[in-house]
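Keep the viewer open and click along as you read.

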Amino acid sequence: MLVESGAVLFVPWLGGLIIGGLFTQDDVSIGLLAGGLIGLLFLQSSLQILQRRVLQRTVERLTAGLRIGIYDHLQRLPLPWLEDQRRGELLSLMTREVDVLSEFVTGSLLGIVPQLIVLTGSLALMLTIDPILTIPIVLGVPAFYIFMKIFGRNIRPLAGQIRDAYATWVSLADENLSILPVIKAYTRETIEAQRIKTSVLRHRDLQERMIAYQSLLGPIVNFIAAASVVLILWLAGGKVAEGEMGAGELVSFLLYAGLLTRPVARFADLWGQFQHARGALRHMTIVLAMSPEARQGDPLPKEVKGNLCFESIRFRYAGRPELLRDVSFEITAGQTVAILGRNGAGKSTLVDLLLRFRTPDEGTIRLDGRDISTVELSAYRQTIALVPQRVALIDGTISDNIRLGLPDATRDQVEHAAREAEAWAFISELREGLDTKIGEAGIRLSGGQRQRVALARALLKKPAILVLDEPTAMFDPESEARFVETARKALAGSTVILITHRPASLALADRVLNLRGGKIDEDRMAPRIGTARASLEEQ
Ligand SMILES: Nc1ncnc2c1ncn2[C@@H]1O[C@H](COP(=O)(O)OP(=O)(O)OP(=O)(O)O)[C@@H](O)[C@H]1O
């Protein structure tokens, strides 16, 4: 770009010499100069080709790098922050805003220095030809920038509004696509189509306003440039007639004035693009400056026993009354403890605290006596397997899904885990068994089947601590009874936290804790559970 800008500055000079040569009728030097000029133009075009290729590649690399970097950062951010964000906004950050920014960097920002060379070079050479003629041009350029700045004031807020409008419509479309059955069942298609239309049209209208602003700029700049050339011709024409200026010099001067329009027009666009990119950059900076979860900490010993201790835990969600007031309990390694509580009592929140998805406002959770907040995060989470209420499966085969937490597991281990989770019966009936594709690219599983796959995934990991949030909620009574029987063997040795209201599953528990009013009590039902276990064992 720098070399090309230098080459560009020679063209008017040579052009002027050729015209000057025409007047002196010197054929040899004109031929030489014309040859030189063609060579220079050829060099300029070749450099432009090279420049485009290099820039295009840089755009692609920058875009891909930013996307990878932002995604990687996003998934390391704390869950509560991620839950507060709109999905569309995060998607737009990785797609549209990355494009805006990388196009600005390679399309405009990198061009600044070469364009400045052309600008100052042209002005300097014009000054050497005729300082008086150059003065109005030198004065005109700052006036032009003040005009651009005023113009930019309208563009900046608009760029932010466009970003928001885009994120809104993408969020809406994303949400609607994921709840299509509800939309169809409640025949909301027309209403939803209208909502999408309104938000898409709002984005379109804002975009049109932006284009209107930007398209005004180009022609205004061109008009100013053309009018200036006419003015110069008029002023300089007299000087040539009076012999104060040669024809060649006039041509060079005009060509330099023409050259000036290139950087000036680029800088005019630059302002709008800069405002646009600034919006994207600000959003990106806010997200990238967010601190990820603290991952560093003490390593865990190889053998984790699974003794858990919640000490005086207090917790509230922002803007809500205190949910956990003084939660204290201990679980000895290998015990299965059921946690009961009404809807909204805070059971899932306790699990979130255990997994370090959230941090208690006060109190400490200990694993084998260590404060979990001081332990290295990945190693800590690897000791826990969670079967959440809402099972999330990935697009892939059943086997991929079960292997999620233990990618190197053998086929036998996967099958064994599937049997323990009462999943083998339905898997073996599928034509491709464990290799059956599920998710968007494959078959849909029923709620109960999904839950069993998730359970197999957790059992395969053989974690020190297993958290089961309503693991049998979608099981029929027979499968539940079988699960309870096999699970007792499968879970032996693991510390199990079981959140359930189902009496049959409760039979798995050694102890029952009741979460009520933000506190934990040991439940009086416990002896009855012992009886239920005994009767199950008899059966
Ligand atoms: N991210 C959140 N922000 C604000 N409040 C929340 C959040 N998540 C949960 N809550 C609130 O905290 C309370 C406890 O929720 P939690 O999911 O822990 O209850 P739960 O005992 O697991 O309920 P359930 O038996 O229905 O699953 C509820 O009142 C819920 O509205």
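## Notes on the model

1. Let's start with a spot on a helix: Leu254 is found in helix 10, which covers residues 247-289. Bear in mind as you look that this is a predicted model. Is Leu254 buried, exposed or partly exposed? Leu254 comes out as partly exposed, because 18 other C-beta atoms sit within 10 Å, and a residue needs 20 or more to be called buried. Setting aside neighbours within four places in sequence, Leu254 is in contact with Val229 and Ile232. If you look for Gln48, that residue is 206 residues away from Leu254 in sequence and 23 Å away in space, C-alpha to C-alpha.

2. A word on confidence. The chain has an average pLDDT of 84, and 95% of the residues score at least 70. For the model as a whole, the scores are ipTM 0.97 and pTM 0.74.

3. An unreviewed UniProt entry marks residues 7-24, 30-50, 104-126, 132-151 and 211-236 as "transmembrane region". How does the model treat these spans? I'd check two of them. Residues 30-50 are 100% helix and 0% strand, with the end C-alpha atoms 30 Å apart. Residues 211-236 are likewise 100% helix and 0% strand, and there the end C-alpha atoms lie 38 Å apart.

4. Gly36 counts as partly exposed because it has 14 C-beta neighbours inside 10 Å.

5. Thr198 sits in helix 9, which runs over residues 189-241. With 12 C-beta neighbours inside 10 Å, Thr198 counts as exposed; the cut-off for that label is 12 or fewer.

6. On to the nonpolar cores. The largest one has 67 residues, and those with the most contacts inside it are Ile339, Ala456, Val467 and Leu498. Helix 16 (residues 447-460) supplies the largest share of this core, seven residues. A second, separate core has 18 residues, including Leu125, Phe253, Leu260 and Val264. As background, nonpolar side chains tend to be buried together in soluble globular proteins.

7. Zoom in on Val467 for a moment. Not counting residues up to four places away in sequence, Val467 touches Val351, Leu354, Ile384, Leu386 and Ile497.

8. Next, the ligand. Which residues surround it? They are Glu83, Tyr317, Arg320, Leu323, Gly341, Asn343, Gly344, Ala345, Gly346, Lys347, Ser348 and Thr349. By class, this shell has three nonpolar, six polar and three charged residues. Helix 11, residues 347-354, gives the most to the shell, with three residues.

9. Compare that with Ser378, in helix 12 (residues 377-382). Ser378 counts as exposed, because it has 10 C-beta neighbours inside 10 Å. The C-alpha atoms of Ser378 and Asn343 are separated by 30 Å, and the two are 35 residues apart along the chain. Asn343 is one of the residues around the ligand.

10. Glu422 is not a glycine, yet it has a positive phi of about 60 degrees. Glu422 lies in the loop between helix 14 (411-420) and helix 15 (424-429), and it counts as buried because it has 26 C-beta neighbours inside 10 Å.

11. The other one is Lys462, again not a glycine, with a positive phi of about 45 degrees. Where does Lys462 lie? Its place is in the loop between helix 16 and strand 9 (465-469). Lys462 has 16 C-beta neighbours inside 10 Å, so it counts as partly exposed.

Definitions and conventions: Residues numbered from 1 in each chain as written. Predicted model: local features only at pLDDT ≥ 70, side-chain atom pairs only at ≥ 80, totals over all residues. UniProt positions renumbered as here; feature names shortened; annotations may be inferred. Helix = DSSP H or I, 4+ residues; strand = E, 2+ residues; numbered from the N terminus. Core = buried A, V, L, I, M, F, W, Y, C linked by C-beta atoms within 7 Å. Contact = placed C-beta atoms within 7 Å. pLDDT = per-residue confidence, 0-100. Near = placed C-beta within 6 Å. Nonpolar A, V, L, I, M, F, W, Y, C, P; charged D, E, K, R; others polar.
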